[in-house]
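Hi everyone, thanks for making time for this one.

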Amino acid sequence: MLWLIVLLVAVAIVYLAARYSRFRSQAELILSIAVALGLIVAFVIWLSDRGNQQASAPEPTRPAGLAAADVALEGVTFERNQSERSYRVRGTVHNGSSLALEYFRLTVTLEDCPGRACERIGDDTALILVRVPGGQSRPFETFLTFPFRDGEPPTAPKWTYEVSQVRGAPTH
């Protein structure tokens with residue numbers, strides 16, 4: 001409501017300045033004072049709000065009892081995608097907890113192991129959104145990208161993966 005009044009007064013001042021040449025010289029002074037007062041009021045409000053801020057509420061933690069060890073991956077496969085550096089990952093996630101799983105992070109390491117010597121190529125982590133009630137399984141699919149040079153894909157890829165983070169919710 002206050003902004004509407006300020007807007008109407010500003011429009012009236014601009015109209016009077018455009019209409020009457022005597023008022024034009026005074027309008028600049030009036031508008032300058034009004035802007036200065038507005039800035040002072042805004043600064044005082046900002047200072048008072050800043051002083052009244054309370055400590056933010058702690059972020060809710062995951063429900064007790066759900067851990068990465070409660071999540072098992074089964075039948076995980078890696079297929080080369082259209083790009084040489086990209087792979088499609090498919091599998092099944094099993095929730096061994098009584099809580100519902102909302103998401104998990106899958107961390108994968110790719111190594112090239114021709115013969116017996118393995119060379120680490122890189123890691124990638126994917127956030128997988130899949131809701132799995134306690135004691136049940138669901139399929140999942142995601143894509144990963146690794147930093148090897150074009151034209152030099154791994155000849156004998158070795159995959160290592162783990163569930164690195166989980167988030168659960170109580171069942172209703």
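So, the link between cysteine 113 and cysteine 118 is right-handed, with 115° about the S-S bond. Keep in mind that this is a predicted model. If the word is new to you, a disulfide is a covalent bond between the sulfur atoms of two cysteines. Here the sulfur atoms of cysteine 113 and cysteine 118 sit 2.0 Å apart. And how many disulfides does a search of the whole structure find? It finds one.

Now look at the two partners. Is cysteine 113 buried or exposed? Cysteine 113 has a relative accessible area of 12%, so it counts as buried, because the cut-off is under 20%. Cysteine 118 comes in at 41%, which makes it partly exposed.

Okay, let's zoom out. The protein has two helices and six strands. As for contacts between residues at least 6 apart in sequence, 68% of them join residues at least 24 apart.

On to the inside. Of the protein's 172 residues, 27% are buried. In our model, the largest nonpolar core has 24 residues. Which of them touch the most other members? That would be Leu73, Val93, Leu101, Phe104, Leu106 and Phe140. Strands E1 (71-80), E2 (86-95), E3 (100-112), E4 (119-132), E5 (137-145) and E6 (157-169) each give this core at least two residues.

The protein exposes about 12300 Å², and carbon and sulfur atoms supply 57% of that. There's also a nonpolar surface patch of about 820 Å². Which residues make it? Leu29, Ile33, Leu37, Ile40, Phe43, Val44, Trp46 and Leu47. Take isoleucine 40, which lies in helix H2, residues 21-51. Why do we call isoleucine 40 exposed? Because its relative accessible area is 53%, and exposed means over 50%.

That's my tour, so over to you for questions.

Notes
Residues numbered from 1 in each chain as written. Predicted model: local features only at pLDDT ≥ 70, side-chain atom pairs only at ≥ 80, totals over all residues. Heavy atoms only, no water. Core = buried A, V, L, I, M, F, W, Y, C linked by side-chain atoms within 4.5 Å. Buried < 20%, exposed > 50% of the residue type's maximum accessible area, 1.4 Å probe, protein only. Helix = DSSP H or I, 4+ residues; strand = E, 2+ residues; numbered from the N terminus. Contact = heavy atoms within 4.5 Å. Areas by Shrake-Rupley, 256 points an atom, 1.4 Å probe, with all protein chains shown as cover. Patch = residues over 30% accessible without salt bridge, like charges linked within 9 Å, V, L, I, M, F, W, Y side chains within 5 Å. Salt bridge = Lys/Arg side-chain N within 4 Å of Asp/Glu carboxyl O. Disulfide = S-S within 2.5 Å.
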